[in-house]
Amino acid sequence: MESMSQQRPIVYVVSDSVGETAELVVKAAASQFGEEGMEIRRIPYVEDEGTIDEVIELAKEVHAMIAYTLVIPEKNRYLLERAREAGVETVDIIGPMLEMMMTVTGRDPRYEPGLVYRLDEDYFRKVEAIEFAVKYDDGRDPGGILRADIVLIGVSRTSKTPLSQYLAHKRLKVANVPLVPEVDPPEELFKISPKKCIGLSISAEKLNAIRTERLKALGLKAEANYAKLERIEQELAHSKKVMDEIGCTVIDVSSKAVEETANLISNMFQKG
């Protein structure tokens, strides 16, 4: 059996949340003491004094130290006092920073465990939504329709792609599908709730102007069929028929900026 002197030093990481912040700090410090480092034992979601007592007893038995992030002042003080009584060394990772920020800002902290984790979770949800919008842009994979929070449908140049990205930053997973007379709309559109689907309509004149400018930007002739009023009216009639068949909400984007349309839609699909 290993003697006490041969064992790696032990650090109990105690947190009233996940404990990742404290563990990262301890790991960074431990890395400065060679490859052996220290044994880190994380104890997350510590919310009661009984658990604090148990951790202190364990630390005392194995001559460990405790590194902690307890943002609730009462729990912080309790751990500090009990550890002193037991002769266990402690390091308050977040307390000194909170005190300094209180001095600098003149404000009290919120004392809510887990706020960093919640911010990280929010970030990753946003990234996931952005990746979803890219993957299921322009009807590339109809399978995304079934997994999306919102499905945007409309003819070409009704701002489906920028809307999808804008809404993704609000943590909404958006798929968008172009409606073209020569192509049957994917059957998945008729399998989802009409409430998840948003149709984007536009006036023929406005779409004609947008498509004409688009052709010029690409160095193509404005007389192309893509920008002809007859073709546009055909596409709009087809898209209206599909939207009516689905029974979805329709938003006229003729005189709306992308941000305005996105805000309208996000208010309909508010996520916490």
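Two strands count as paired if DSSP finds at least two bridges between them. The model shown in these views is predicted.

**View 1. Strands β5 and β6 pair in the parallel sense.** Strand β5 covers residues 150–154 and is joined to β6 over 5 bridges. G154 stands opposite P178 in β6.

**View 2. Four strands form an open sheet with parallel pairing.** The strand order is β6-β5-β7-β8. β6 (174–178) and β8 (249–252) stand at the edges and have a single partner strand each, so one side of each is left without a neighbour in the sheet. From one strand to the next, the twist averages 25°.

**View 3. The axes of helices α8 and α9 come within 10 Å.** Helix α8 spans residues 204–217 and helix α9 residues 229–246; their axes cross at roughly 120°. That angle makes α8 oblique to α9. The crossing of the two helices is right-handed.

**View 4. Residues of α8 and α9 make the contact.** From α8 come A204, E205, L207, N208 and R211. From α9 come L229, I232, E233, E235 and L236. By class, the residues of this contact divide into 5 nonpolar, 1 polar and 4 charged.

Notes
Residues are numbered from 1 along each chain as its sequence is written. This is a predicted model: local features need pLDDT of at least 70, side-chain atom pairs count only at pLDDT 80 or more; totals for chains, interfaces and linings use all residues. Side-chain values use heavy atoms; hydrogens and water are left out. Axes are lines fitted to C-alpha atoms, for helices over the stretch in contact, and angles run from 0 to 180 degrees between N-to-C directions. Angles under 35 degrees count as roughly parallel, over 145 as roughly antiparallel, 65 to 115 as roughly perpendicular and the rest as oblique. A crossing is left-handed if the near helix is turned anticlockwise from the far one by less than a right angle, and right-handed if clockwise. Contact means heavy atoms within 4.5 Å. Ala, Val, Leu, Ile, Met, Phe, Trp, Tyr, Cys and Pro count as nonpolar, Asp, Glu, Lys and Arg as charged, and the others, Gly among them, as polar.
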